[in-house]
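Please consult the sequence and the structure shown here.

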Amino acid sequence: SAFAPAQDAKTTTSLNAFESEIGAQAPLGFWDPLGFLDRADQETFDRLRYVELKHGRIAQLAFVGNLITRAGYHLPGDISLGRAFADVPNGIAAINGPDAISTAALLQTLAFIGFLETRVMIDATGESQFRGDFRNGFDFGWDKQSPEWQTNKRAIELNQGRAAMMGIL
């Protein structure tokens, strides 16, 4: 009819392909404000999701570590000859400032992180259920759970990682 509102045609974009992925949930739904997935295929999406998961795990460790040291809890003993862990300042001051750890200690820490990244936190068996699944033959009860439970736990981990990435800023 002449006065009926025009119907908008439904268009399909590459973003629609990822709207049902784990992590696209309330309150934001699928959110890609910088357009990283505008022309992405499934392989690119899976890689970016793996990177998000990894960064989220690291941020969770960093956030909890920051809370613990700011609460006054430190490892016992010395970080270097004659210098206790408790003498190292909190936050960014631990690596940058007058009381920061030495450059050699920082390089040693970065080398250890590189070792973990390339030799430990990998899918050693090739049997992972999804990218970022590093059980490597150990079950921990995961396989006994329903697919719905597993999906829910993966979504929770993504959201907690997202919150930690914001919190550690």
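## Basis of the model

The model is predicted: local features need pLDDT of at least 70 and side-chain atom pairs count only at pLDDT 80 or more, while totals for chains, interfaces and linings use all residues. Residues are numbered from 1 along each chain as its sequence is written, and side-chain values use heavy atoms, without hydrogens and water.

## The largest pocket

The largest pocket has a volume of about 1,600 Å³. Of its 35 lining residues, Leu-61, Ala-62, Gly-65, Thr-109 and Ile-113 are the closest to its centre. On a 1 Å grid over the protein atoms alone, a pocket is an open set of points with protein on both sides within 12 Å along at least five of seven lines, whereas a cavity is a set where a 1.4 Å probe fits but cannot get out; lining residues have an atom within 4 Å of a point. Grid points are joined across faces, edges and corners, and a volume is the space filled by probe spheres set on the points.

At least two lining residues come from each of α1 (42–70), β1 (78–80) and α2 (103–120); helices (H or I, at least four residues) and strands (E, at least two) are DSSP runs, numbered from the N terminus. The lining comprises 23 nonpolar, 9 polar and 3 charged residues. Here Ala, Val, Leu, Ile, Met, Phe, Trp, Tyr, Cys and Pro count as nonpolar, Asp, Glu, Lys and Arg as charged, and the others, Gly among them, as polar.

## The second largest pocket

The second largest pocket holds about 820 Å³ of space. Its lining has 28 residues, of which Trp-31, Asp-32, Pro-33, Glu-52 and Arg-162 are the closest to the centre. Two or more lining residues come from each of α1 and α3 (147–167), and α1 gives the largest share, 6 residues.

## The cavity and the helix pair

The whole structure contains 1 cavity of 30 Å³ or more. Among the residues that line the largest cavity are Glu-52, Arg-57, Glu-157 and Arg-162. By class, this lining has 3 nonpolar, 3 polar and 4 charged residues.

The axes of α1 and α3 come within 7 Å and cross at roughly 60°; axes are lines fitted to C-alpha atoms, for helices over the stretch in contact, with angles from 0 to 180 degrees between N-to-C directions. The two helices, α1 and α3, are therefore oblique to each other, as angles under 35 degrees count as roughly parallel, over 145 as roughly antiparallel, 65 to 115 as roughly perpendicular and the rest as oblique.
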